[in-house]
Structure formats: C-alpha cells, structure tokens
Amino acid sequence: MVNMQKVAVIGCGFVGATSAFSLIQSGLFSEMVLIDANHEKAVGEAMDLSHGSAYSTPVKIYAGSYDDIVDAGLIVITAGANQKPNETRLDLVKKNVSIFKSIIPEIKERNCEGILLIVSNPVDILTYVTLKLSGFPANRVIGSGTVLDTARLKHVLGEHLQVDSRNIHAYVIGEHGDSELAVWSGAQVAGIHINHFCELRGHFQHQEAMNRLYQEVRDSAYHIIERKGATYYGVAVAVKRIAEAIVKNEHAVLPISSLMQGEFGLSDLCLSIPTVVGNKGVEMVVDIYLDNEEKQKLLESAHALKQVLKSLDI
C-alpha cells in the first residue's frame, strides 16, 4: 500500500541532500529514506538531517536500501554525474543513462506503486529512459522539467519590472537546457500582457529585453557552476513545489517533464510543458497557446531530443 507521507531520495549528492532538506522543511512527510551508492554518505546525511528534528515537524529519516522504497508515495531520483564547467546538460547523457540502467531495474523489481520524480540531468531524456526501463504508467513518471527555469524567468522579470515575482505568470517550456524557450506570447503580470505592463513601468524595448532576460535564464546554471561549482538550492525548492502538488493533490499547473502523447503533434518523448499535477502524477498536459515562432522553436527542441534518444540503447 502506498504511503503518500513517505518519500525516498535516491542520490545524496548536492542536489539530493539539499532536496531532502527542502522536503523536510515542507512538513509534507513523516518518513524519509535516503539511498546512495555510497551508503555511508547516506548514513551521514540522514544523521545530519535528523539532528534538527527537535525544531521542525517530526520526520523519521534514515539511510536504507531499495527494499525500503516499496511503499513510498514519492521516489525522487537525483543520482548521477554533476554538470561541470563548460559542460551542457546533454553532455551528461551517456554517463547518467548508464547510472539509471543500474537504478531503475532495482525500482522495477520492487513493484513500487509510488510516483517517480526524476531530477537528474538531462532531465527530459532521463525521464523518458526511466519510463521505458521501469514499465511504469506514463502518469507516474515525471521529471522536474522546466519548473526551475520558470521560477528563474519569474525572478528576472520581477527584478526587471520591480514587481513581486509571484504575480508574474510566464513559462519556460521545451528541453530543460540550451534549446528551452520562454513563452512570451502568453506572459502576463496580474492579467496584463507582459509588453503592456513593461510599458507601464517605462520599458519599451521589448525585443531587446526579451532576448536579454531569456539568455540570463537559459545560461544561469552555467554562471552559477562557474562561480560555486554546482547548482542545488533552486532545484531543491522546485522539487519541494512539485512534491506539494502531488501530496496535497493540488491539481497545480507546473511545467514538469512527461510523456508527449500527441500534444503539439509530438509523441514518444518526454518534454517540459505546463501540466496539471495531482496525487496520481500527470493528470493532463495543457495545450497552451503558442505563436508560430514559439511552435517552431518547440518543434526544434523536440527534434534535438529525439536525435539524442535515437542514439541511446534503451
């Protein structure tokens, strides 16, 4: 029986440990199991995370094995090689597909009924790989997608317009990577189209601003990695947000990565598109409005991912 208050985190590197901390702070879970190829690392992280329990919502935190994930309502996979300076997310693909070929069969063997949340990069490709290797129904295999990229876009727009980023409605879609695209045609602030709101704030060079802000969002991971070696806080908050939507059955619209089944004319690949998310995972991929240029860019992003998938032995 699935316990939606139990979460498993597979991979205890920077992203895994920070995501575990974020999930503990959420108050969503009463039990957390940490799994890592280096078991002692998982033991150490569990100890460290547990030592603050007197000042937070009680959570049973321990290092375990794949046998401990059978009843977990949510299984978060962050295991994999880290992105290095000057390395793209797609450069990671062969290394991390190999790692997933050792992890996913272990999950499949346990007949888990929880939802798999893939965070490792390249996330869209690894979500598809997980779907194929696990045999899970498509609604129960999701990737963190462009949830973080979307938060970054809202942040830079909030800075640009001097407005609370929570009042900005805009999405980054496509590949979580260099071919992602910002959907400017549907972007708005408090119901006002983004261009009109920009003009209300004294900004009139729309194309220049869109190009600059998009590049800042797209390249932000590279800039962070150059300065501190890895990114993990932002994605940990994104993981928490997705977990909230699942555990609380929010029916929230988030740009997660999931299997395309005819949306935008695309199929047999996982892509990051606004999606209704609840306690069953994917409820519906939202066929949002895109202008002609955005449609073309999305198709180009999908084509690039398809070419990589064709090169993989899965």
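## A walk through the helices and sheets

Let's start where two helices meet: α1 and α8 cross in a right-handed way. Keep in mind as you look around that this is a predicted model. Helix α1 covers residues 14–26 and helix α8 covers residues 233–247; they pack at an angle of about 45°, and their axes are 8 Å apart. Angles under 35 degrees would count as roughly parallel and 65 to 115 as roughly perpendicular, so α1 and α8 are oblique to each other.

Which residues do the touching? On the α1 side you'll find Val15, Thr18, Ser19, Ser22, Leu23 and Ser26, and they meet Tyr233, Val235, Ala236, Val237, Val239, Lys240 and Ala243 on the α8 side. Sort the residues of this contact by type and you get eight nonpolar, four polar and one charged.

Take a look at its backbone: Asn249 has a positive phi of about 50°, even though it is not a glycine. Why point that out? Most residues other than glycine have a negative phi.

Strands β12 and β15 run antiparallel, with three bridges between them. If you want a pair to look for, Ala252 has Val277 in β15 as its bridge partner. On to the next pair: strand β15 (residues 275–278) is joined to strand β16 (residues 281–285) by four bridges, again in the antiparallel sense. There, Thr275 stands opposite Val285 in β16. How many residues lie between β15 and β16 in their hairpin? There are two. While you're looking at strands, here's a handy rule: in a regular strand the side chains alternate between the two faces of the sheet.

There's another open sheet to visit, also with three strands. Its order is β7-β10-β11, and its pairing is antiparallel. The edge strands here are β7 (168–169) and β11 (192–193), each pairing on one side only. Strand β10 (residues 188–189) pairs with β11 in the antiparallel sense over two bridges. Look for Gln188, which stands opposite His193 in β11.

Next, go to helix α4. The peptide bond from Asn121 to Pro122 is cis, with omega near -5°. That's worth a second glance, because most peptide bonds are trans.

Take helix α3 (residues 93–109): α3 and α4 pack at an angle of about 35°, with 9 Å between their axes. Their crossing is right-handed. From α3 the contact uses Val93, Asn96, Val97, Phe100, Lys101, Ile104 and Lys108, while α4 brings Ile125, Leu126, Val129, Thr130, Leu133 and Ser134. By type, the residues of this contact divide into eight nonpolar, three polar and two charged.

Then there's helix α9 (residues 292–310), which packs against α4 (residues 123–134) at an angle of about 50°, with the axes 11 Å apart. So α4 and α9 are oblique to each other, and their crossing is right-handed. Asp124, Ile125 and Tyr128 of α4 make this contact with Leu305, Val308 and Leu309 of α9. Five of the residues in the contact of α4 with α9 are nonpolar, none are polar and one is charged. Notice that Ile125 is named in the contact with α3 and in the contact with α9.

Let's finish with some charged side chains. Side chains of opposite charge can pair when their charged atoms come close. The model has a count of 14 salt bridges. One to find is between the side chains of Lys41 and Glu45, at 2.6 Å from N to O. Lys41 and Glu45 both lie in helix α2 (residues 39–50), four residues apart, which is about one turn of the helix.

How values were computed: Residues numbered from 1 in each chain as written. Predicted model: local features only at pLDDT ≥ 70, side-chain atom pairs only at ≥ 80, totals over all residues. Heavy atoms only, no water. Pairing = 2+ DSSP bridges. Axes fitted to C-alpha atoms, helices over the stretch in contact; angles between N-to-C directions. Parallel < 35°, antiparallel > 145°, perpendicular 65-115°, else oblique. Left-handed = near helix turned anticlockwise from the far one by under 90°. Contact = heavy atoms within 4.5 Å. Nonpolar A, V, L, I, M, F, W, Y, C, P; charged D, E, K, R; others polar. Salt bridge = Lys/Arg side-chain N within 4 Å of Asp/Glu carboxyl O.
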